[in-house]
Amino acid sequence: MKKKLIVPLALIVFTMASTSLTVWFLKEQDKPNIIIIAQRLDIEYWKIFESGAKKALEDFNLDGKVIAPESIYPISNQPNMLKKVLDQQPDALIVAPIDEEVTIPVLMEYKQKNIPVLLVSRDIDWEDKTAFIGPDHYALGEMAGKLLGSMLQPGDQVAIIFGLADDQAMIDRTNGAKKVLETIGIEVVAERSGYDALANPTPVMGSILQSYPNIKGVIATSDRLALEVLGTLEKEGVKIPIIGTDGIIEMIEFVGEGKVNATIAQNPYDMGYLSVVQAQKAIKGEKTEKIIDSGIDILTVDNAQDRLRFLKKLLTVK
């Protein structure tokens, strides 16, 4: 009698195990797939963003990946990548748009297939976006202007060095800073693009110093530009306030050492994390806010070390 029970018991155990595996497999198959397209992944800002997005995918047990074109240029790189991703039928798309004109036509194809599209870092004029997650770039510029203005006197001359001339985020930061500086009587004598044709920093501070030797301060609309400015000023033996606008590790280290007065830190980690949270809500059909402000922080010598510890741990920088 005991021997007759062996086969039924084995069958029951096998059936239960098979059922568990089937349920697990179906759950894995049902996991939403979110594709995140950054502008690039070869610089620190976007690596921090990537870390935030990946952490959210892990925390919420979602499928997904963070990708980017090999190069920003030609500008057709990102739209071509968007088309390839569309063929994969993701449940949601998160994208940091590079060029509005070439990006929107592809995003409209996502809309036609009812795939939520969330924008990060840079907003564009497209009414069908599900949400924008990023900082208020105009407010960021205003904060940079207030910081620099607090270190100077009315009548002083300053320069603003910005990135790509057609980048709306850079334009907004520049305009926000100019408004504040001009309101308090500080003269913006030079506005120059500090990027080359491939969006890499290029020296422009030297020529500004030649034209305006009495310049008293500089605002750079990215930390990469601010570091380029710092290098030129140190070479020329000029010590004036520099305000950056990203909060990357090297810049924060210089702030902590007193070489740079301050940087306005964006929060790319939060930006990446929040974008995935909002994408998941959109997939579930839940309400999402049209604009989610990822915030900005002022980093000075007093709080630089806390941010450094966080970023170095995040990026495993020793």
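**Notebook: pockets and cores**

I started with the largest pocket, which has a volume of about 570 Å³. My pocket is an open set of points on a 1 Å grid over the protein atoms alone, with protein on both sides within 12 Å along at least five of seven lines; lining residues have an atom within 4 Å of a point. Volume is the space filled by probe spheres set on the points.

This is a predicted model, so to speak for the record: local features need pLDDT of at least 70, side-chain atom pairs count only at pLDDT 80 or more, and totals for linings use all residues. Residues are numbered from 1 along each chain, and side-chain values use heavy atoms, without hydrogens and water.

I listed 31 lining residues for the largest pocket, with Gln39, Trp46, Asp167, Met170 and Tyr195 closest to its centre. By class I get 14 nonpolar, six polar and eleven charged.

Next I looked up the second largest pocket, at about 160 Å³. Asp123, Phe132, Pro135, Asp136 and His137 are the closest to its centre among 13 lining residues. I find the largest share of that lining, three residues, in α6.

Then I turned to cores (buried Ala, Val, Leu, Ile, Met, Phe, Trp, Tyr and Cys residues joined through side-chain atoms within 4.5 Å; buried is under 20% relative accessible area with a 1.4 Å probe, protein chains only). The largest has 40 residues, and Ile161, Met205 and Ile215 have the most contacts inside it. α8 gives the largest share of this core, six residues. Apart from it I noted another core of 24 residues, including Tyr45 and Phe49.

Conventions:
On a 1 Å grid over the protein atoms alone, a cavity is a set of points where a 1.4 Å probe fits but cannot get out, and a pocket is an open set with protein on both sides within 12 Å along at least five of seven lines; lining residues have an atom within 4 Å of a point. Ala, Val, Leu, Ile, Met, Phe, Trp, Tyr, Cys and Pro count as nonpolar, Asp, Glu, Lys and Arg as charged, and the others, Gly among them, as polar. Helices (H or I, at least four residues) and strands (E, at least two) are DSSP runs, numbered from the N terminus. Buried means under 20% relative accessible area, exposed over 50%, partly exposed in between (1.4 Å probe, protein chains only).
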